[in-house]
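Biologist: Please show me the chain, and then let us go through it by question and answer.

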Amino acid sequence: MDQHFFVLMHATNYTETKISRLYACKTVEEIEKIIQDWLVQKCAMDCCRPEDAKTPLPELTFVCPHLKEPKDVEQYNGFYFYEGYGGISLFLDAVYDEKTAKRFRADVMKEFQLDQILSDEADQLMDDLDVVVESFRSPMDWRKAYESIDTLIRQGGIALF
């Protein structure tokens, strides 16, 4: 079966620039790179591993935990404050099996009230959420469903007008 997982990322940097994205990954190294790129590019931070952390750390250094499996991304979750710069927030939620996919589907349905919107687009998104769940049961092409759900999350909902 196609080994894959998804990570929902909600993050805010010092300038209040927010990102909400759904990422599809095949390895934890992929999501580590995405997170570290965001920290470097959007937060102007350096990243280091716990074993490389020197005391004291340079002012804008983020100690990135080791990820062994998708659910480990939650180790990054939190609000971080850097004196003189402000704070960042980083919250990640992994979807890596049928159980987490069902929870993700329910959360997206609730957040965007898809079951209360009467439109072909809402119906298609509900079908796409079902594809995400099914993708952990049997081999299938889930990429189109992933793209439409990521678009929904980035846009913050369905445009009604």
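Predicted model: local features only at pLDDT ≥ 70, side-chain atom pairs only at ≥ 80, totals over all residues.

Biologist: Is helix 2 roughly parallel or oblique to helix 4?

Modeller: The axes of helix 2 and helix 4 (residues 143-155) come within 12 Å and cross at roughly 40°. Angles under 35 degrees would count as roughly parallel. Helix 2 is therefore, relative to helix 4, oblique.

Biologist: How many nonpolar residues are in the contact of helix 2 with helix 4?

Modeller: From helix 2 come Phe104, Val108 and Phe112, and they meet Ile149, Leu152 and Ile153 of helix 4. The contact has no polar and no charged residues, and its nonpolar count is 6.

Biologist: Are helix 2 and helix 3 roughly parallel or roughly antiparallel?

Modeller: Helix 2 spans residues 98-112 and helix 3 spans residues 120-134; their axes lie 8 Å apart, at an angle of about 165°. An angle over 145 degrees counts as roughly antiparallel. The two helices, helix 2 and helix 3, are therefore roughly antiparallel.

Biologist: How many charged residues are in the contact of helix 2 with helix 3?

Modeller: On the helix 2 side, the residues are Glu98, Ala101, Lys102, Phe104, Arg105, Val108 and Met109. On the helix 3 side, they are Met126, Leu129, Asp130, Val132 and Val133. By class, the contact of helix 2 with helix 3 has 8 nonpolar residues and no polar ones, and its charged residues number 4.

Biologist: In which direction, left-handed or right-handed, does helix 2 cross helix 3?

Modeller: For helix 2 and helix 3, the crossing is right-handed.

Biologist: Is Ser89 buried or exposed?

Modeller: Ser89 lies in strand 6, which covers residues 86-95. Leaving aside neighbours within four places in sequence, Ser89 is in contact with His10, Ala11, Thr12, Trp38, Gly78 and Phe79. The cut-off for a buried residue is under 20% relative accessible area. Ser89 has 11%, so Ser89 is buried.

Biologist: What pattern does the chain follow along the sequence?

Modeller: The chain has 4 helices and 6 strands. Read along the sequence, they give the pattern β-β-α-β-β-β-β-α-α-α.

How values were computed. Residues numbered from 1 in each chain as written. Heavy atoms only, no water. Axes fitted to C-alpha atoms, helices over the stretch in contact; angles between N-to-C directions. Parallel < 35°, antiparallel > 145°, perpendicular 65-115°, else oblique. Left-handed = near helix turned anticlockwise from the far one by under 90°. Contact = heavy atoms within 4.5 Å. Nonpolar A, V, L, I, M, F, W, Y, C, P; charged D, E, K, R; others polar. Buried < 20%, exposed > 50% of the residue type's maximum accessible area, 1.4 Å probe, protein only.
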